[in-house]
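I opened my notebook and went through this model piece by piece. Here is what I looked up, in the order I looked.

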Amino acid sequence: MALASCMPTIGSVTAGWASLTEAGLFIGVASSMNQLAPVFTMPLSGALCVSALGWPSVYYVHSAVTLVLFLLWAGVYHDKPSNSQLVGGTELKHISEGKAVMLSSRTPLSTANRAGSKFGVPYSRILRTKSIWVIWLSALANIASMYLIILFAPTYINKVLRFSIGQTGLLAAIPTLIQFFVKIFAGHCSDRITCLGDTAKVKICNTIALSGMGSFFVALALIPPSNQRLSLVMLIFSATILGFNVSGFFKSAVLVARHFCPFVMGIIQLIGGLNLLIVPLVVEALTPDNSVEQWRLLFFVHAGMLAFASVLFCFFGSGQPAIWAQNQTVQGDHEQDDVMKLPPPFGDEE
């Protein structure tokens, strides 16, 4: 229940606070919770469990830390940069540059960005946009494969590669930690590269992330488990290269949906929640004995899914705002599109 708000919040914060030239880095930092949290939680929990405070202290300490972070968030955060006293005029202009201006019939143009306005979410138009569907498909392949690493890498390292239990704990933490630095690097590079358009950049980065992970899965399936070190390197690379996703479908969601990004990111969160339930069932069904052949099949299945999503994103992915995410005029609580004609079913609205 707590995680349900994460992705919509990241989408809302990025759409409102990140300039279009910094969206990749912004998403990389905001979504790094999955990589940084285990680095904090695992060692601390282990130390608390063996201390005089006992295992209940794990929950008390994490609750206290969460409360402090929430109070900081509640005291500092504002939905709009224009409402924060910490944001000056120059910075506000930089954040707003290139974004759609939401106007109310009673709001002067000069104050539109600061005043804000109410508008409805065009659900039907979003659901008829191909670039949105390939974002969700990429998210499905991405999250399913990432949960395979997060939840079952220890099992593979111990049962198949035959590393000791003591080594397994440390080795299983390496992929997600390195992935954090890859995400920051990929997000920064995507924002700073100017020789390519946004659509080209999100397609290239998404291909690197998904096809790259799939390629390492294939290599992992073909390398004999007796070659422990090379197999471990392939496992680490398969997770770390996925860090390019922040400049792929994640950034595409912000660029295509703009101020409607929270809904698109909310569906990604839903996909993540479903995968958390489905992935363990699939792994249990395909690898009941944790044999090399069973894990090989599992890696091939995920590689195929990643390749399929990557190819479709290359055809239909976008880095441009959809028609329904561009300038709108608001009258009271009702919105009027600047383009009244609805697109054809599943039409590309670039």
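First, a term: I took helices (H or I, at least four residues) and strands (E, at least two) as DSSP runs, numbered from the N terminus. This is a predicted model, so I kept local features to pLDDT of at least 70 and side-chain atom pairs to pLDDT 80 or more, while totals for chains, interfaces and linings use all residues. Residues are numbered from 1 along each chain as its sequence is written, and side-chain values use heavy atoms, with hydrogens and water left out.

**Entry: Gln179**

I found Gln179 in helix 9 (residues 165-192). Is Gln179 buried or exposed? Its relative accessible area is 3%, so Gln179 is buried (buried is under 20%, exposed over 50%, partly exposed in between, with a 1.4 Å probe and protein chains only). Leaving aside residues up to four places away in sequence, I listed its contacts as Gln35, Met146, Ala239, Thr240, Leu242 and Gly243 (contact means heavy atoms within 4.5 Å).

**Entry: aromatic pairs**

How many aromatic pairs does the structure hold? I noted 15. Here rings of Phe, Tyr and Trp (its six-membered ring) pair if their centres lie within 6.5 Å; planes under 30 degrees apart are stacked, over 60 edge-to-face, and the rest tilted.

One of them is Tyr123 with Phe263, edge-to-face at 5.0 Å centre to centre and 75° between the planes. This pair links distant parts of the chain, 140 residues apart: Tyr123 sits in helix 7 (residues 123-126) and Phe263 in helix 13 (residues 261-286). Tyr123 is partly exposed because its relative accessibility is 45%, and Phe263 is partly exposed at 22%.

I also looked at Phe315 and Phe316: the ring centres are 6.3 Å apart with planes at 45°, so this pair is tilted. Phe315 counts as exposed at 61% relative accessibility, whereas Phe316 is partly exposed at 30%.

Ring pairs also join Tyr123, Trp133, Trp136 and Phe263 into a cluster.

**Entry: helix 8 and helix 14**

Two packed helices are described by the angle between their axes and the distance between the axes. For helix 8 (residues 130-160) and helix 14 (residues 292-316), the axes come within 9 Å and cross at roughly 160°. Helix 8 is therefore roughly antiparallel to helix 14 (under 35 degrees is roughly parallel, over 145 roughly antiparallel, 65 to 115 roughly perpendicular, the rest oblique). Axes are lines fitted to C-alpha atoms, for helices over the stretch in contact, and angles run from 0 to 180 degrees between N-to-C directions.
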